[in-house]
Amino acid sequence: MSGLPGRTGSAVLATGCVALGLVGSLVGLSVLGAAGQKQDVEPVGLVTGLTTERIPPEYVRWIERAGELCPEVSAPLVAAQIEAESGWDPTVVSPADAEGLSQFIPGTWATWGVDAAGKDGSPEPDGVADPFTPGDAIMTQARYDCWLADKVSEMNIGGDLTRLMLAAYNAGPGAVEGYGGVPPFPETQGYVTRIIASMPKYSGGEPAETGGAFGDRVVANARKWLGTPYSWGGGGPEGPGRGFAQGANTVGFDCSSLVQNAVYHAADGGLLLPRVSQLQVTAGKAVSRDDLRPGDVIGFQLNGSYDHIGIYIGQGQFIHAPKTGDVVKISNLNEPYYAGKPQTARRFG
């Protein structure tokens, strides 16, 4: 369980993407982790339906119970977190002496450990809070997650609450507060991303619309970055990065680098789109507005060229990085600002 805060620029642009003529300036930008900022979308932790096929049967009751402790911590999140922490091995001990399913170090366990179950798997407490007893570990994990969710909320630093809570579990709440968001530590960035990407495996139901395997992967990879700051010229296939000009002090994505990143990872590194939106709308296969499906890329003519781009996710919504001072978020194609602009859509994969 273990930088640099992403900061939004002061200038506000109407458009969201780096200009075509500046693409050469993007070479050599450093790539760092991004801190989240305020957004108006539902935290991913609020997904509540649990599907149990990938969960060892003896743990299901505890994960379901853990998902009822507080609204911010769902059963699918608890399951995805256990997978990341221990790979479902209740006996594992890390090189840092983190123990059990939920990988608590002894000092943290001494404060938070819950006696919820018996060592023999019985649902009754046995008088000992033990990190190697799955029921104890799972309920302690959820208890600690709920406390962290409250803690990071009180910091008023903005961002997706789930990402901040998970970062605090891994790096400590002090690191989240000190960096003003998800710290730029590679371990923490990977930890948060891995859990959020794994949650769909443990959540019940299917999306109302599907873009096929590739399109759904594009959407999933874009969703990982909800709440990440907009940074003009920042970001790329490796993740959020420091931009330039009005993005020089911000680690994040602009609209085209977010699309580039999502498609690149959906293709397991086998498809790298051009860096700028004006070229991205010439790649792939053209599709009509009526034929849109999740994972399709939509370009917008906001100021005379296809200078903005996003990823369709279904139900008339798309994910994008809008402008300086904003964050990666979900918007609606029917919003007046976007509905009245020329659009084009492309499909990849």
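Predicted model: local features only at pLDDT ≥ 70, side-chain atom pairs only at ≥ 80, totals over all residues.

Biologist: Where is S198 found?

Modeller: S198 is in helix 7. Setting aside neighbours within four places in sequence, S198 is in contact with A80 and E83. The C-alpha atoms of S198 and A220 are separated by 9.8 Å, and these two residues are 22 residues apart along the chain.

Biologist: Does S198 count as buried or exposed, and why?

Modeller: The general idea is a cut-off: a residue is buried when its relative accessible area is under 20%. S198 has 9% relative accessibility, so S198 counts as buried.

Biologist: How do I read the way helix 2 and helix 7 pack, and at what angle?

Modeller: Look at the angle between the axes and at the distance between them. Helix 2 covers residues 75-86 and helix 7 covers residues 186-202; they pack at an angle of about 125°, with axes 8 Å apart. Angles from 65 to 115 degrees count as roughly perpendicular, and those over 145 as roughly antiparallel. Helix 2 and helix 7 are therefore oblique to each other. The crossing of helix 2 with helix 7 is right-handed.

Biologist: Which residues make that contact?

Modeller: Helix 2 supplies P76, L77, A79, A80, Q81, E83, A84 and E85, while helix 7 supplies Y191, R194, I195, S198, M199, K201 and Y202. Sorted by class, the contact of helix 2 with helix 7 has nine nonpolar, two polar and four charged residues.

Biologist: Q81 is in that list. What does the side chain of Q81 make a polar contact with?

Modeller: The partner is the side chain of Y191, at 3.2 Å. Q81 lies in helix 2. With 0% relative accessibility, Q81 counts as buried. Leaving aside neighbours within four places in sequence, Q81 is in contact with Q141, D145, L166, Y169, Y191 and I195.

Biologist: L166 and Y169 are among the contacts of Q81. Which helix are they from, and how does it pack against helix 7?

Modeller: L166 and Y169 belong to helix 5, and both take part in its contact with helix 7. Helix 5 (residues 161-171) and helix 7 pack at about 130°, with their axes 9 Å apart. That angle makes helix 5 and helix 7 oblique to each other, and the crossing is right-handed. The contact is made by R163, L166, A167, Y169, N170 and A171 of helix 5, and by E187, T188, Y191, V192, I195 and I196 of helix 7. The classes in the contact of helix 5 with helix 7 are eight nonpolar, two polar and two charged residues.

Conventions: Residues numbered from 1 in each chain as written. Heavy atoms only, no water. Axes fitted to C-alpha atoms, helices over the stretch in contact; angles between N-to-C directions. Helix = DSSP H or I, 4+ residues; strand = E, 2+ residues; numbered from the N terminus. Parallel < 35°, antiparallel > 145°, perpendicular 65-115°, else oblique. Left-handed = near helix turned anticlockwise from the far one by under 90°. Contact = heavy atoms within 4.5 Å. Nonpolar A, V, L, I, M, F, W, Y, C, P; charged D, E, K, R; others polar. Buried < 20%, exposed > 50% of the residue type's maximum accessible area, 1.4 Å probe, protein only. Polar contact = N/O pair within 3.5 Å; in protein donor to acceptor, adjacent residues only side chain to side chain.
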